[in-house]
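This report describes one protein chain for a reader who is new to structures. Please look through the sequence and the model before reading on.

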Amino acid sequence: MRLRTLPDSRSLPALDQHHALKRPAEGLPPGPQHPPRILLLYGSLRGRSYSRLVVEEAARLVRFFGGEPRIFDPSDLPFPDQVAGDDHPAVRELREHAMWSEGQIWCSPERHGQITGLMKAQIDHLPLKMGGMRPTQGRTLAVMQVSGGSQSFNAVNTLRLLGRWMRMFTIPNQSSVAKAFQEFDEAGRMLPSSYYERIVDVVEELMRFTVLLRPHVSLLTDRYSERKEAGIPPRQAATDLSAIAIAPQNDGTRV
């Protein structure tokens with residue numbers, strides 16, 4: 001499988017656990033009880049890839065917060081349209097992981113003021129519609145970037161645009177790590193810093209939004225134009241379980 005093994009998966013030396021919520025989504029309305037499924041994508045194949053190291057730190061936090069992370073390894077992913085019909089095992093596996101996911105984390109280096117070609121290639125391999133299924137629609141998304149120089153937001157701004165285009169719910173928080181080469185030790189672990197704390201904030205927020213939204217994705221992504229094209233009648237609020245779950249409830253004090 002094209003999934004990276006996460007080294008030191010339960011080790012979080014930079015995290016002050018006295019201030020960390022073990023389950024940040026606890027107390028939200030109940031929905032599916034399995035761990036939130038989070039797919040993580042990074043944008044560089046360098047041996048010491050800082051976008052990959054950030055993604056690994058994020059994956060450890062996903063696990064700490066009660067989720068199930070998967071890091072896709074794009075090392076043999078072809079360019080879009082390079083293989084006829086996208087008939088390549090890496091493309092198929094990426095799409096399968098996207099379908100499995102309920103939320104995603106994208107982290108790209110900023111190169112020439114933009115995301116990398118590798119990052120864009122992974123997103124371009126995820127179609128809006130695939131055999132009646134949608135690999136990205138309704139998923140939550142957190143965006144991050146690393147820079148070799150001063151802090152910038154070009155890459156995260158582009159990732160936000162792409163997330164909107166892919167019909168994903170992109171959370172408000174984001175992370176941009178400046179001079180990333182200074183932020184990791186020799187073993188590739190991120191040092192305690194405000195940058196690390198922001199990554200904790202982002203993952204914590206993503207977990208909450210994922211748990212909050214996943215019971216209602218089918219309702220939130222229901223579209224008039226698609227119902228009309230398919231000849232499907234609209235949902236009925238009286239019988240739709242997602243609608244019932246989020247409808248105001250009568251507590252008996254009003255009639």
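The model is predicted, so local features are given at pLDDT of at least 70 and side-chain atom pairs only at pLDDT 80 or more, while totals for chains, interfaces and linings use all residues. Residues are numbered from 1 along each chain as its sequence is written, and side-chain values use heavy atoms, with hydrogens and water left out.

**Nonpolar cores**

In soluble globular proteins, nonpolar side chains tend to be buried together. A nonpolar core is here a set of buried Ala, Val, Leu, Ile, Met, Phe, Trp, Tyr and Cys residues joined through side-chain atoms within 4.5 Å. Buried means under 20% relative accessible area, exposed means over 50%, and partly exposed lies in between, with a 1.4 Å probe and protein chains only. The largest nonpolar core holds 35 residues, and Leu61, Ile105, Met144 and Val203 touch the most other members. The elements that give two or more residues to this core are β1, α1 (50-64), β3, β4 (140-146) and α5 (194-213). Helix α1 gives the largest share, 8 residues. These labels follow DSSP runs numbered from the N terminus: helices are H or I with at least four residues, and strands are E with at least two.

Contact means heavy atoms within 4.5 Å. Leaving aside neighbours within four places in sequence, Val203 is in contact with Ala58, Leu61, Val62, Phe65, Ile105 and Met144. A second, separate core has 21 residues, including Leu39, Ala98, Leu126 and Leu141.

**Helix α2**

Helix α2 has 12 residues, 89-100. The expected span of a helix is 1.5 Å times one less than its number of residues. For α2 this gives 16 Å, which agrees with the 16 Å between its end C-alpha atoms. Which residues of α2 are buried? They are Ala90, Val91, Glu93, Leu94, Arg95, His97, Ala98 and Trp100. Among the elements covering them are β1 (37-42), β2 (68-71), β3 (103-109) and α3 (117-124).

**Residues in loops**

Lys179 lies in the loop between β6 (175-177) and α5. Lys179 counts as partly exposed because its relative accessibility is 39%. Not counting residues up to four places away in sequence, Lys179 touches Ser147, Gly148 and Gly149. Lys179 and Val146 are 33 residues apart in sequence, but their C-alpha atoms are 7.6 Å apart in space.

Ala180 is placed in the loop between β6 and α5. With a relative accessibility of 2%, Ala180 counts as buried. Beyond its neighbours within four places in sequence, Ala180 is in contact with Tyr50, Val146 and Ser147.

Most residues other than glycine have a negative phi. Lys179 is not a glycine, yet has a positive phi of about 40°. His112 is also not a glycine, and has a positive phi of about 55°. His112 is found in the loop between β3 and α3, and at 82% relative accessibility His112 counts as exposed.

**Pockets**

On a 1 Å grid over the protein atoms alone, a pocket is an open set of points where a 1.4 Å probe fits, with protein on both sides within 12 Å along at least five of seven lines; lining residues have an atom within 4 Å of a point. Grid points are joined across faces, edges and corners, and a volume is the space filled by probe spheres set on the points. Ala, Val, Leu, Ile, Met, Phe, Trp, Tyr, Cys and Pro count as nonpolar, Asp, Glu, Lys and Arg as charged, and the others, Gly among them, as polar.

| Pocket | Volume | Lining | Make-up of lining |
|---|---|---|---|
| Largest | about 400 Å³ | 18 residues | 5 nonpolar, 4 polar, 9 charged residues |

In the largest pocket, Gly132, Arg134, Gln137, Thr221 and Glu226 lie nearest the centre. Helices α6 (217-220) and α7 (224-230) each supply at least two residues of the lining of the largest pocket. The largest share of that lining, 4 residues, comes from α7.
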